[in-house]
Amino acid sequence: MAGGLKEVRERIKSVVNTQQITKAMKMVSAAKLRKAQGAIVQMRPYADRLNRMLSNILSNLDGGATTSFGKERTVNNVLVVIITSNRGLCGAFNTNICKEAIALIDEKYGRQRRDGKVSVMFVGKKGYDYFRRRFRDFNYISEHIPVYDNPAYENVSLVSRAQMDAFSNGQYDAVEIVYGRFKNAATQIPTAEQWLPVPKMEKDPSQKRADYIFEPDQQQLLENLVPSILQLSFHKTLLDTQASEHGARMTAMDKATENAEELLKELRINYNKARQEAITTELGEIVGGAAALEG
Amino acid sequence: MNLTILSPEKEIFSGDVKSVKVPGSAGQFEMLDNHAPIVASLAKGEIRVLTDKGEKVVFNVEGGFVEMLNNEVSLLVSSVRED
């Protein structure tokens, strides 16, 4: 590939431009990642204390605890919530989440799928794009897609509250969430979690019976506490996916910058080759011309 | 006693207080120093705080939970407005 001098020079210029863009995008993602991680950290004290209250109440109940959100029933209608990003350029991040969701549906809800009883709700646009193009046998719910860009707690809890109500009045018998769990900037784990019904809560046998006044009684407290915990865990999946998105984009853009560098190396060699060739030819012509004059 | 008010998004209040009155779902009650350990859920209403310096602070909440243990009060609220 020893194209003309001018062509090679132009290609080098365009690759350098692309490289600058990918480099900038990587830095932007790094900053956004820090912010997204901050939101997760901010939530931790609240989550810790909520869980402490839960375990205190459980330690005081004899036998297992069940609430209206924990009742298992025959699963006819399923809701799968898929949380993806709104934008691309983050490698296979969104595709991996979608594949995880398909694997979950095939494995756990094959019968419901044949009966056309699987509903899929999207938060974030990319998941919707992926599914709409490939499958026609799900009921799609797309009204909550924009929530991804506005993850204020109040806003998100409106959405999770609506899904809890749908579970309570029997519209769905199970709700699953598929999202990108954030491990670190370089690792995102597509994860499927059963959100409803709530898995049975067991008390920690090592924990001593807490000596508390409970107001109202434990059972009623549990009924109030569980929805808050559900809302919080729904919110957490969204925040996790956002942090994961920026992590994935950072990695993708870093890779792209590296690739551009390699391409540039090759192009520069080609450019120098072409330049030397041109000089050699020119010299040959001059020498040839001089010899002809002398002759 | 020490009071911390937390929402999922941030810490709203933290500091030493003389008393805190909360809208418990079974009725309003007030906690002072050395109150017995308690866990309670809250209804919509006002949280009235009297700080050690004598300042009065009022928050409006839509609901939440309160726990008190060893003079540490944690108030967990989902949406809150300061008056």
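Let me start with a term: helices (H or I, at least four residues) and strands (E, at least two) are DSSP runs, numbered from the N terminus. With that in hand, B:Asn71 sits in the loop between strand S7 (64-69) and strand S8 (72-77) of chain B. What you see above is a predicted model, in which local features need pLDDT of at least 70, side-chain atom pairs count only at pLDDT 80 or more, and totals for chains, interfaces and linings use all residues. Residues are numbered from 1 along each chain as its sequence is written, while chains are lettered from A and ligands numbered from 1 in the order in which they are written.

Back to B:Asn71. Its phi is near 65°, a positive value in a residue other than glycine. Chain A has a positive phi too, about 55°, at A:Leu89, which is not a glycine. A:Leu89 belongs to the loop between strand S1 (78-83) and helix H2 (93-108) of chain A. How many C-beta neighbours does A:Leu89 have inside 10 Å? There are 14, so A:Leu89 counts as partly exposed. A residue is buried if 20 or more other C-beta atoms lie within 10 Å of its own, exposed if 12 or fewer, and partly exposed in between, with C-beta atoms placed from the backbone. B:Asn71 also counts as partly exposed, because it has 14 C-beta neighbours inside 10 Å.

Next, the strands of chain A. Strand S4 (residues 174-184) and strand S5 (residues 187-196) run antiparallel and are joined by nine bridges; strands pair if DSSP finds at least two bridges between them. These two form a hairpin with two residues between them, and A:Val178 stands opposite A:Ala192 in S5(A).

Now the cis peptide bonds. One runs from A:Leu196 to A:Pro197, with omega near -10°, and A:Pro197 is in the loop between S5 and strand S6 (213-215) of chain A. Another runs from A:Glu215 to A:Pro216, also with omega near -10°; A:Pro216 lies in the loop between S6 and helix H6 (218-294) of chain A.

S6(A) takes us to chain B. Three bridges join S6(A) to strand S4 (residues 38-42) of chain B, and the two run parallel. A:Ile213 stands opposite B:Ile38 in S4(B).

Last, the contact between the chains. It takes 24 residues from chain A and 21 residues from chain B, where two residues are in contact if their C-beta atoms, placed from the backbone, lie within 7 Å. On the side of chain A that touches chain B, H1(A) gives the largest share, nine residues.
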